[in-house]
Amino acid sequence: MKIESQGDEYIAFVSGLEVGTPNYDLMLLQLLAQFLQGNLGDQALEKARSIVRLVVLGDSLYRPDEARQLDRKAVADQKLAGLSDMGECLQYLDTFLAELAGSLPVDLIPGEADPTNASFPQQPISPYLLPQASRYSALNSFPNPYECTLDELRLLCTSGQNVKSLAQFSKDKSWTEHMEFQLKLRHLAPTAPDALHCIPMKEDPFVLETLPHVYLCGCMPEYETKLTQEGVKLVSVPSFSKPPHKVVLLNRFT
């Protein structure tokens, strides 16, 4: 698919910010904000002027692996390090998002580590947890999975739990191959509810009636991209907190 345009426009995707990670260098978030706002030099400014939206694909806050195995009461687990507690982590994330929401639209999608329900699909992160950023109408909190249409471009996004769950049963495939398999099945969570906790519903919310133009999964170990035979662009978005700290830019028109 190619949409008519008068110039490049990019959607920036980032995942796994994991604010509060032990020994986390908060300068990384400052550099990310400066890049998105075009404050890192002429070349970055030219690219930043073409970024029309930021999508945050889950795990914005850090939680230890042990706490992820417990219920949501573990969200204030004492093993949270780097920042003193969840409240301080949220405060820093709130400031970061407020800075960005003052200059471009920001879509926030929850992940496994974030303060919302643990089961799939996840409810949006409450705006009351982000009082500064929520003052801006440009900040939008969405559920996980997240689907939207920008002009004629259909995007389907998750924070990666559904892909990682599937990968447990077929470890010889790449992340994009797992994503493609889900699209072939026309189902986003084929391992639910046996291997992926999900909310009981009368109708299956993971059935895909139509295919998106782009399917993205966040919090992945590495960046991958692939174009399926059906014409869907697949993108695995790596965790920003892990080296080499990548941000994915998607051109809306190509």
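Student: In which loop does Pro-145 lie?

Tutor: Pro-145 lies in the loop between β4 (139-141) and β5 (146-150), where strands are DSSP runs of E with at least two residues, helices are runs of H or I with at least four, and both are numbered from the N terminus. This is a predicted model in which local features need pLDDT of at least 70 and side-chain atom pairs count only at pLDDT 80 or more, whereas totals for chains, interfaces and linings use all residues. Residues are numbered from 1 along each chain as its sequence is written, and side-chain values use heavy atoms, with hydrogens and water left out.

Student: What kind of peptide bond joins Asn-144 and Pro-145, and what kind joins Pro-243 and Pro-244?

Tutor: The bond between Asn-144 and Pro-145 is cis, with omega at about 5°. The bond between Pro-243 and Pro-244 is also cis, with omega at about 10°, and Pro-244 is placed in the loop between β9 (233-238) and β10 (248-251).

Student: Why is Asp-59 called buried, and why is His-245 called partly exposed?

Tutor: Buried means under 20% relative accessible area, exposed means over 50%, and partly exposed is in between, with a 1.4 Å probe and protein chains only. Asp-59 has 4%, so it is buried, while His-245 has 28%, so it counts as partly exposed. Neither is a glycine, yet Asp-59 has a positive phi of about 55° and His-245 a positive phi near 60°; Asp-59 lies in the loop between β2 (51-57) and α3 (65-68), and His-245 in the loop between β9 and β10.

Student: How do you know that the buried residues of helix α1 are on the same side?

Tutor: The buried residues of α1 (residues 27-36) are Leu-28, Leu-29, Leu-32, Ala-33 and Leu-36. They cover an arc of only 135° around the axis, and therefore lie on the same side of α1; the arc is that of the directions from the helix axis to the C-beta atoms.

Student: What makes a set of residues a nonpolar core, and which residues touch the most other members of the largest one?

Tutor: A nonpolar core is a set of buried Ala, Val, Leu, Ile, Met, Phe, Trp, Tyr and Cys residues joined through side-chain atoms within 4.5 Å. The largest has 33 residues, of which Leu-17, Leu-54, Phe-96 and Leu-97 touch the most other members, and its largest share, nine residues, comes from α4. A second, separate core of 19 residues includes Ala-167, Ala-189, Leu-208 and Val-232.
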